[in-house]
Amino acid sequence: MRFFHISDLHFGKQLYGYDLTEEHRNFIRQLGKYCEEYSPDAVLIAGDIYDRAVPSAGAVTLMDELLTTLSGITVLIISGNHDNAQRLNYGNEFLRKHNIYISSIPPVEDLKMEKISLSDENGNVNFYLLPFFKPVVFKNSMPDEYLNGENAIIKKIVQNTDIDKSERNVVMSHQFFISGHEEPKLCDSEQLPAIVGGLDAVDIAAFEDFEYSALGHIHGGQFVGNEKNRYSGTPVKFSVSERNHNKSIVMVDLEEKGKKAEITKLPLNQIRDVKKLEGYFEDIIALADEEIKKDYVSITLRDEDIIPNVKEKLNAYFDNILEVIIDNSQTRKIMLDDVEELKEMSPFDSFNTFFEQLNDRKMDENESELFREILSEVIKE
């Protein structure tokens, strides 16, 4: 049994205001070519199909193009934290008649993962679909596990699911997985929940009985604890921190039960790469050859002297500038002064400043009182 594992497509996403539709179409074209070349039995998409809960018309069009490209192949999809579960579930029954299976609603009632079975000459391969969830949805159906967070909830769901261990089993999930105390490498483009006391981290040991874990949520392709537990990563670079990533499609071959999964990474080329350039103005513009001119570039200038209209001057050499950062002795002094000022602020004043910057207004009387109560409780502990 051969299948492709992808995730975190984020259709509709922009990069510093630049539309990535062309980059996404380039990925879809490459996916189609790899399907023709390697003939997968299934394509697994482990969440975050869209970048927003209410996707744009262009994002929905990309989804249509993706499914058209995969026509004739079984497609298994789970929702991610960026997807709206109800919207993604639209047309589900119709799509299933065409071998497109979407699981977007967490199993709140029966507390079991949905199973889709495919077969080959070695028997069944059972795919278990676990869409993204927030613990609160299990507050009533799993009160004890809810209090202990996602790790306890997933362990209980796996226990409740009737899994035939004599057959080959694959699980799809879109949560934040760790291996013991080892956490995955993160990127600036990820939006992870605040992890308090480890409650929102799930130990991958919950999936130890599966032949492969197709994970989504983390944007850098990597394994968790073991090669068979993988984040496929994004197909497109969504931040400057991803500039050194080698984006790929994960191809998995499962032979007979008991044999280790064979994992191959199929490289994805980018129309425009993401680069970070650092140095003096004259040295930076000297790098502007025809290839890098079209790339997305983050530029950090070290010049001590102010360069008038520096962004406009750089635009003559680079077509897609993401940001221009001035890093010299003067800007570093300003940053240090800001840090010293922040150190002198009380916890309440620090949070008040943060709240005002985030919401463009100050806390009202009720919000101030509530935070003082929370702060008082924290100090007591």
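Reader: Which helix gives the most to the lining of the largest pocket?
Author: Helix α2 does, with 4 residues. Before we go on, a word on the model: it is predicted, so local features need pLDDT of at least 70 and side-chain atom pairs count only at pLDDT 80 or more, while totals for chains, interfaces and linings use all residues. Residues are numbered from 1 along each chain as its sequence is written, and side-chain values use heavy atoms, with hydrogens and water left out.

Reader: What makes a place a pocket, and what counts as its lining?
Author: On a 1 Å grid over the protein atoms alone, a pocket is an open set of points where a 1.4 Å probe fits, with protein on both sides within 12 Å along at least five of seven lines; lining residues have an atom within 4 Å of a point. Here the largest pocket is lined by 13 residues, and Tyr50, Val60, Met63, Arg87 and Tyr90 lie nearest its centre. Both α2 and α3 (85-88) supply at least two residues of that lining.

Reader: How is the lining of the largest pocket divided into nonpolar, polar and charged residues?
Author: There are 10 nonpolar, 1 polar and 2 charged residues. The rule is that Ala, Val, Leu, Ile, Met, Phe, Trp, Tyr, Cys and Pro count as nonpolar, Asp, Glu, Lys and Arg as charged, and the others, Gly among them, as polar.

Reader: Why is Ile73 called buried?
Author: Buried means under 20% relative accessible area (exposed is over 50%, partly exposed in between, with a 1.4 Å probe and protein chains only). Ile73 has 13% relative accessibility, so Ile73 counts as buried. Ile73 is in the loop between α2 (57-69) and β5 (74-78).

Reader: What does Ile73 touch, leaving out residues up to four places away in sequence?
Author: Contact means heavy atoms within 4.5 Å. By that rule Ile73 touches Cys35, Pro40, Asp41, Ala42, Val43 and Asn99. Ala42 is 31 residues from Ile73 along the chain, yet their C-alpha atoms are separated by 5.7 Å.

Reader: And why does Thr74 count as buried?
Author: Thr74 has 11% relative accessibility, and therefore counts as buried. Thr74 lies in strand β5. Neighbours within four places in sequence aside, its contacts are Asp41, Ala42, Val43, Asn99, Tyr101 and Leu118.

Reader: What makes something a helix or a strand here?
Author: Both are DSSP runs, numbered from the N terminus: helices are H or I of at least four residues, and strands are E of at least two. The protein chain has 12 helices and 19 strands.

Reader: How do you know that strand β18 is mostly covered?
Author: In β18 (residues 296-301), 6 of its 6 residues are buried. Tyr296, Ser298 and Thr300 point one way, and Val297, Ile299 and Leu301 the other way. In a regular strand the side chains alternate between the two faces of the sheet.

Reader: What makes β17 and β18 a pair?
Author: Two strands pair if DSSP finds at least two bridges between them. Strand β17 (residues 274-279) and β18 have 6 bridges, in the parallel sense, with Leu277 opposite Ile299. Strand β19 (residues 320-326) also runs parallel to β18, joined by 6 bridges.
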